Amino acid sequence: MTEQTERPLAEPRPLGEIRSWPRTFADRLTAPLPGVRAMARLAREGRLRPSAEALREVPLLPVEPGPLPAAGATALAVTWAGHASWVVRVGGLTVLTDPVWSRRILGTPPRVTPVGVPWEALPRIDAVVISHNHYDHLDARTLKRLPRDTHLLLPAGLAGWARRRRFTRVTELDWWEAVELPGPAGPVRFDFVPAHHWSKRTLTDTCRSLWGGWVLTAPDGRRVYFAGDTGYGYWFARIGERYPDIDVALLPIGAYDPRWMLGPVHTDPEEAVRACADLGARVLAPMHWATFLLSAEPPLEPLRRVRAAWEETGRAREDLWDLPVGASRMLAGWDRSVTGLT
């Protein structure tokens, strides 16, 4: 018997619900956080950024901005704006994931590729989903561009942060909880699901808010999974059991070197391909690379490795959506028995 049968999906919670949470979510960690010795080793090895020779690849990073596709209520479309920022069109709604339109974020060199979608080209945003509070995923300067009545769907513990910035439609969720937003073809469901990661925004708030990914389900049952930021582990299989027939999985493939440091919290390209299989997802759309150089691997290495790992599986090449920054893919009139790409 599968977990899907044993544990049916939770009933959607009320939007904007005021909730109380534990002081810490450290018990949700799936690996110990690096301590002083680990940070000292990292500094000693000098593997904080790509080498000067590797940086010569930066001009070769794929960038092909294009107009957003016209996506009706029955289409599922994704556009990669860079890093973990996507414009997702699902069930007639337009959703942003971890939107970072800023050129620079705290503690990180400026982005090496432009944002794939100009802010002025965005349609009205129905909702924003946030995976966790690290600065490269929760960008206050970008969120300030949004109308304050935009729906913000957040991990547990982050509602206060959003309300202090005068957002009025703020909902925070625990793992395996969900809300629904009305769409032109019916309600679109947003489930917050576990990830192998952590949270921290200041010197005193380590693991004070939760972290995770999102499963978006259209009225016709089509699903897109946004992993946020995560290492590889058992949660992928459990998500796949509970949410079968995921159509598109947005999975991170970058910021993984050195592995002894980053392995528990960032999937490498081969792990992302394995995670796609664990999820039972039809399509893998890589992200979390080619934008901010957060670790030591050469800038183009994630793309080379994810393509090689996908080819080794024997899966259809058209189901790897290795998009340039700014590019889009859409599923229209989706039939799970065929590829159905447009």
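Let's start with Trp-176, which is buried, at a relative accessible area of 13%. Keep in mind, everyone, that this is a predicted model. Trp-176 sits in the loop between strand 6 (169-173) and strand 7 (177-181).

So which ring does Trp-176 pair with in edge-to-face fashion? That would be Trp-235, with 6.0 Å centre to centre and 65 degrees between the planes. Trp-235 belongs to helix 5 (residues 235-242), so this pair links distant parts of the chain, 59 residues apart. Trp-235 is buried too, with a relative accessible area of 11%.

Trp-235 also pairs with Tyr-234, and here the geometry is tilted: 4.9 Å centre to centre and 55 degrees between the planes. Is Tyr-234 buried or partly exposed? Tyr-234 counts as partly exposed, because its relative accessibility is 41%.

Stepping back, these rings belong to one aromatic cluster made up of Trp-175, Trp-176, Trp-211, Tyr-234, Trp-235 and Tyr-243. Across the structure there are eleven aromatic pairs.

Now, over to the helices. Helix 7 (residues 269-279) packs with helix 8 (residues 301-313) at an angle of about 40 degrees, and their axes are 8 Å apart. That angle is why helix 7 is called oblique to helix 8. The crossing of helix 7 past helix 8 is right-handed.

Who meets whom there? From helix 7 we have Pro-269, Glu-270, Val-273 and Cys-276, and they meet Pro-302, Arg-305, Val-306, Ala-309, Trp-310 and Thr-313 of helix 8.

Definitions and conventions:
Residues are numbered from 1 along each chain as its sequence is written. This is a predicted model: local features need pLDDT of at least 70, side-chain atom pairs count only at pLDDT 80 or more; totals for chains, interfaces and linings use all residues. Side-chain values use heavy atoms; hydrogens and water are left out. Axes are lines fitted to C-alpha atoms, for helices over the stretch in contact, and angles run from 0 to 180 degrees between N-to-C directions. Helices (H or I, at least four residues) and strands (E, at least two) are DSSP runs, numbered from the N terminus. Angles under 35 degrees count as roughly parallel, over 145 as roughly antiparallel, 65 to 115 as roughly perpendicular and the rest as oblique. A crossing is left-handed if the near helix is turned anticlockwise from the far one by less than a right angle, and right-handed if clockwise. Contact means heavy atoms within 4.5 Å. Rings of Phe, Tyr and Trp (its six-membered ring) pair if their centres lie within 6.5 Å; planes under 30 degrees apart count as stacked, over 60 as edge-to-face and the rest as tilted. Buried means under 20% relative accessible area, exposed over 50%, partly exposed in between (1.4 Å probe, protein chains only).
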